[in-house]
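Hello,

Please find the structure below, handed over for your own work. My notes on what was found in it follow.

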Amino acid sequence: MNYRDTLNLPKTDFPMRANLSNREPGFIENWEKEKIYDKIRQSSKGKDVFVLHDGPPYANGNIHMGHALNKVLKDIIVKMKNMQGHDAPYIPGWDCHGLPIEHEVVKKLGKKAKEKTQDEIRKMCREYAAKFVELQKQDFKRLGVFADYDNPYLTMSHVYEAGIVKVFGELFKKGYIYKGLKPIHWCGNCKTALAEAEIEYNDSHVSPSIYVKFPIKNRDNEYILIWTTTPWTLPANVAVALHPDFEYVYLENNGEKYVVAKELSDGILKDTGLDLKIGSNVNTKELEDTSLEHPFIKDRDIKIIFGNHVTLEMGTGAVHTAPGHGQEDYVAGLKYNLPILSPVNDRAVFTSEAGEWEGMHVFKANESIMEKMTENGSLLYSSEYTHSYPKCWRCKKDVIFRATPQWFMQVEKDGLKEKAMTAIKDVKWVPSWGEVRMNNMLENRPDWCLSRQRAWGVPIPAFTCEKCGETYMTAESVDLFAEIVQEYGVDIWFTKDAKELLPKNAKCSKCGGEEFSKEKDILDVWFDSGVSHFCVLNERGISEIANIYLEGSDQYRGWFQSSLWPSVAIKSKPPYKEVITHGFMLDENGRAMSKSQGNVIPPMNIINKYGADILRLWVVSENYQDNIKLGDNLLKQVADAYKKIRFTLRFLMSNLYDYDNVKDRVAYQDFDDLCRWAVSRLAGVKEQVITDYNSYTFHKVFQKIHLFCVVDLSNFYLDIIKDCLYSDAKDSQKRRMHQTVLYDILVALTHLLAPILTFTCEEVYKVFFDEQGSVHTGVFPDFAEYEINEELNSDFEIISSMKEDVYRAIEQAKNNGIVGNNLESSVIVGTDEKEKIEVLKKYEDKLNEYVIVSGYSLTDTTTDDYYVAPNNFKIKVNKATGEKCERCWIFYDSVGTHDEHPTLCDRCYNVVVNDYS
RNA sequence: GGGACUGUAGCUCAGUCGGUAGAGCACUGUGCUGAUAACGCAGGGGUCACAAGUUCAAUCCUUGUCAGUCCCA
């Protein structure tokens with residue numbers, strides 16, 4: 001008789017090899033067919049609503065690892081909330097307007113772009129965005145992300161566009177919206193505004209380099225010396241900036257004294273070659289209340305201001321400030337309430353405000369202005385300077401900074417900034433330092449410039465009076481436009497005349513004119529996405545605000561803020577209860593991933609090589625709150641951990657092939673100590689894992705489950721019970737008891753891991769539990785009767801440490817030729833630690849099973865020939881007595897006593913005789 | 001240059017309310033061949049980024065430096 005056939009060896013159809021990359025698409029197909037998202041919605045109906053609101057990715061290009069990381073994290077949260085008895089919907093969104101798409105479309109058109117109307121270009125942008133929404137959607141599905149893909153939110157949909165206009169209108173009515181001047185990059189040749197992305201840099205641009213004297217009022221022969229490379233901006237000068245902390249000295253020159261930064265004085269001497277003497281220190285505080293004269297404009301009072309933007313890299317430490325012609329100057333100007341002068345028209349030609357230079361192109365005026373200052377003696381020195389200067393991407397001509405009318409949202413009005421800063425204290429920031437970071441950003445935030453001079457976006461519904469040029473926008477006109485957009489989309493702004501978009505009887509408030517033209521500005525796309533909580537959560541009746549926003553840490557400046565301002569202004573509270581951020585993708589060496597570095601890994605490469613579940617497991621294998629590394633070695637490690645989990649699940653299933661959870665289940669009160677311990681550990685792991693899920697520390701979920709699989713299960717419990725599972729009678733109470741435990745562990749792992757290993761857990765569920773159902777409509781198991789038994793836990797820790805020591809002793813015994821393997825051994829164990837021996841005595845008759853040896857006994861009296869092991873147990877290893885049972889491989893004295901089956905022990909004999917004859 | 005974060009074994013992470021550190025994986029060796037392209041066991045491996053300060057004592061506190069990352073200028 002072949003006794004092997006009488007064993008209950010594991011059986012399962014669950015494949016060892018996951019073959020994820022090939023098999024995952026099948027699951028996705030199935031989920032689509034079964035409408036898994038709708039099913040989950042149905043099974044969650046009526047439960048507590050929990051909303052993770054999706055920050056819309058930009059509908060341009062294929063997804064990268066940053067998207068994958070972000071979406072998987074969101075998906076894990078949504079799934080684990082659904083599995084904890086919440087109703088957690090997930091509406092995916094896409095950011096569809098904006099320059100990058102317009103840029104791509106125009107670039108593709110090339111020279112033909114000029115022949116196209118704005119309306120035609122917008123149509124192409126819309127198609128372009130729609131295409132990438134579909135592409136990205138497929139990729140997100142491939143990642144196993146569950147979402148309402150049939151009803152996503154697109155910022156270019158008519159409903160959403162109408163929502164944007166409505167929110168803009170609300171803010172306008174509350175008085176937050178105003179029109180002001182702001183310097184922007186401007187190409188005088190193309191007569192157009194340029195965004196940062198439309199600018200190229202010429203590294204070897206040659207500019208004039210001039211030192212100019214600004215006389216200090218009421219101080220004879222004292223000047224502040226400034227340095228600049230743009231003489232043409234001097235007519236717009238209104239201030240000179242000094243650094244509050246730098247030391248300043250006088251440079252003396254034939255009776256004249258020039259204030260400059262001490263550290264730069266040597267550089268100035270070298271640069272100019274002038275024979276200047278470095279004189280005494282200047283108390284700049286005393287200068288605070290005085291002002292300067294302009295070098296060539298009479299009657300202009302030039303303020304002295306202080307700012308940290310002044311550097312010691314170049315110049316004199318005194319910065320010529322023209323808020324109409326420079327970003328930093330503009331910001332400083334806002335702080336000091338300086339006028340914004342910009343006497344330059346759209347062709348970069350001086351206007352009448354520039355006096356004698358009217359009609360002259362600004363670059364040509366440089367020379368003339370320098371001549372003027374040479375004449376009146378205010379130009380100390382001039383030369384040339386080579387540096388990097390911006391030029392237009394289209395015509396390659398040099399660009400200028402020019403103040404233009406722009407639309408703003410006021411952040412100081414009605415204490416909005418203070419309200420926002422207070423509001424964020426009620427938000428839970430994960431990690432907690434997010435609050436500090438946000439707070440610092442809000443504090444220094446200037447008014448939000450909402451307008452862009454572009455085609456692809458939501459128009460700012462403003463009109464200009466044809467007669468007097470006054471801007472026309474009223475509560476009524478904004479409301480009317482929102483209504484029109486609701487029906488036709490914003491494209492109508494570009495196709496209809498002003499008359500058709502204005503309220504009847506619209507009259508200019510200034511001159512009473514009735515003829516208007518449409519303004520051409522569109523809204524900043526950050527406004528589009530910033531109002532998503534209105535346009536999605538409110539408009540769809542999902543919730544007033546979101547439970548969670550989860551994005552990369554760059555969004556403190558971006559979406560978290562663009563969402564916060566309108567929300568606090570209108571709802572008087574933040575749009576989110578919790579804000580979670582994740583770090584950025586780095587390569588294996590901790591370097592940022594970038595095209596230029598060539599270390600970018602597309603998510604599809606990982607999915608095709610390893611599968612989405614491996615990618616998902618990678619997401620939770622590291623702490624995403626910090627930066628997160630990616631590379632082949634890391635993926636290999638994750639793949640190994642995956643295998644361990646998969647094999648554990650498979651082993652559980654394979655030993656349950658003959659188990660029926662209804663018929664064969666053994667009640668908890670009939671469990672032995674080992675099983676009580678096992679379910680105590682299970683209950684502990686379950687509790688910890690749920691805690692870790694709810695604090696969004698997913699890497700701890702992963703580590704705890706992995707550790708449970710490796711240490712508690714694989715190395716200990718499963719190893720011990722194999723003997724019972726295989727060799728005991730199929731129907732024995734003991735075997736059924738262990739199977740009951742295995743079953744519950746399987747249920748627990750399958751569900752607790754489902755938010756992470758979305759595909760694999762579904763595979764387990766369909767193979768083992770219910771081919772028609774889905775693990776994702778289930779909930780985390782409860783196991784109310786399984787208590788965390790601290791006494792058992794600590795007892796088994798002692799048993800475990802004893803087992804370690806015994807194995808060390810057996811290793812030695814093997815080396816000494818006493819035994820060949822563990823089951824050949826019979827061990828005697830003692831220790832000086834009485835408490836430990838007392839614990840062991842409680843389990844004395846089970847310890848041979850737990851240690852997996854043929855003989856085990858405890859002793860109070862150890863002798864010198866005992867091996868003293870690191871955990872302080874003393875052990876003697878002998879060769880087991882009796883013979884090896886052919887069936888169960890354990891050494892028993894009873895082997896040979898049964899004539900019918902001379903190679904079997906008592907237990908196996910009985911099983912074979914009862915069940916197999 | 002400013003704001004924020006990170007730096008513990010090859011890797012991913014724990015940890016110490018201040019008393020010179022732990023786990024899993026990987027690695028090496030080994031057993032088994034009834035989880036078998038599996039499974040078990042044993043072993044090696046860290047001046048806790050660097051420097052100074054506080055302290056009887058610092059990886060943990062303070063300051064600075066270096067490296068990496070995000071945002072801003």
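**Notes on the model**

Asn221 sits in the loop between β8 (199-215) and β9 (222-228). Its phi is near 60 degrees, a positive value in a residue other than glycine. With a relative accessible area of 42%, Asn221 is partly exposed. On either side of that residue, a salt bridge links Arg219 and Glu222, with 3.2 Å between the closest N and O atoms. Arg219 is partly exposed at 23% relative accessibility, while Glu222 is buried at 13%.

Ala348 also has a positive phi in a residue other than glycine, near 65 degrees. Ala348 belongs to the loop between α9 (327-336) and α10 (362-376), and is buried, with a relative accessible area of 2%.

Before the rest, a word on confidence. This is a predicted model. Chain A has a mean pLDDT of 93, and 100% of its residues reach 70 or more. The scores for the model are ipTM 0.97 and pTM 0.91.

**Strands**

Strands of a sheet pair through backbone hydrogen bonds, in either the parallel or the antiparallel sense. One open sheet here has four strands in the order β7-β6-β18-β20, with antiparallel pairing. β7 and β20 (448-449) are the edge strands; each has a single partner strand, so one side of each has no neighbour in the sheet. Between β6 and β7 there are three bridges, in the antiparallel sense, and Cys187 stands opposite Thr192 in β7.

Elsewhere, strand β10 (residues 239-242) has partners of both kinds. With strand β15 (residues 301-306), β10 pairs in the parallel sense over four bridges, and Leu242 stands opposite Phe306 in β15. With strand β16 (residues 318-321), β10 pairs in the antiparallel sense, also over four bridges; here Ala241 stands opposite Val319 in β16. Both faces of β10 are covered: Ala239 and Ala241 are buried on one side, and Val240 and Leu242 are buried on the other.

**Second largest pocket**

What lines the second largest pocket, and which residues lie nearest its centre? The lining has 44 residues, and those nearest the centre are Lys191, Thr192, Ala193, Gln453 and Arg454. The elements that give two or more residues to this lining are α4 (99-109), α5 (118-142), β6 (177-187), β7 (192-194) and β18 (400-409). Among them, β7, β6 and β18 are also strands of the four-stranded open sheet described above.

**Salt bridges**

Side chains of opposite charge can pair when their charged atoms come close. The count for this model is 58 salt bridges. Besides the pair of Arg219 and Glu222, two others may be of use to you:

- Glu412 and Lys417 meet through their side chains at 3.3 Å, N to O. Glu412 is partly exposed at 45% relative accessibility, whereas Lys417 is buried, with a relative accessible area of 6%.
- Glu514 pairs with Lys507, the closest N and O atoms being 3.9 Å apart. Lys507 is partly exposed, with a relative accessible area of 48%.

Salt bridges with shared partners also join Asp658, Asp664, Asp731, Arg735 and Arg736 into one network.

**Sequence distance and spatial distance**

Two pairs of residues are listed here, with distances taken C-alpha to C-alpha. Lys79 and Ala754 are 675 residues apart in sequence and 7.9 Å apart in space. Lys79 lies in helix α3 (residues 65-82) and counts as buried because its relative accessibility is 4%, against a limit of under 20%. Asn538 and Ser432 are 106 residues apart in sequence and 28 Å apart in space. Asn538 is in helix α17 (residues 532-538) and is partly exposed, with a relative accessible area of 30%.

**A cis peptide**

The peptide bond that joins Val430 and Pro431 is cis, with omega at about 0 degrees. Pro431 falls in the loop between β19 (428-430) and α12 (434-443).

Regards

Terms used. Residues are numbered from 1 along each chain as its sequence is written. Chains are lettered from A and ligands numbered from 1 in the order in which they are written. This is a predicted model: local features need pLDDT of at least 70, side-chain atom pairs count only at pLDDT 80 or more; totals for chains, interfaces and linings use all residues. Side-chain values use heavy atoms; hydrogens and water are left out. On a 1 Å grid over the protein atoms alone, a cavity is a set of points where a 1.4 Å probe fits but cannot get out, and a pocket is an open set with protein on both sides within 12 Å along at least five of seven lines; lining residues have an atom within 4 Å of a point. Buried means under 20% relative accessible area, exposed over 50%, partly exposed in between (1.4 Å probe, protein chains only). Two strands pair if DSSP finds at least two bridges between them. A salt bridge is a side-chain nitrogen of Lys or Arg within 4 Å of a carboxyl oxygen of Asp or Glu. pLDDT is the predictor's confidence in each residue, from 0 to 100.
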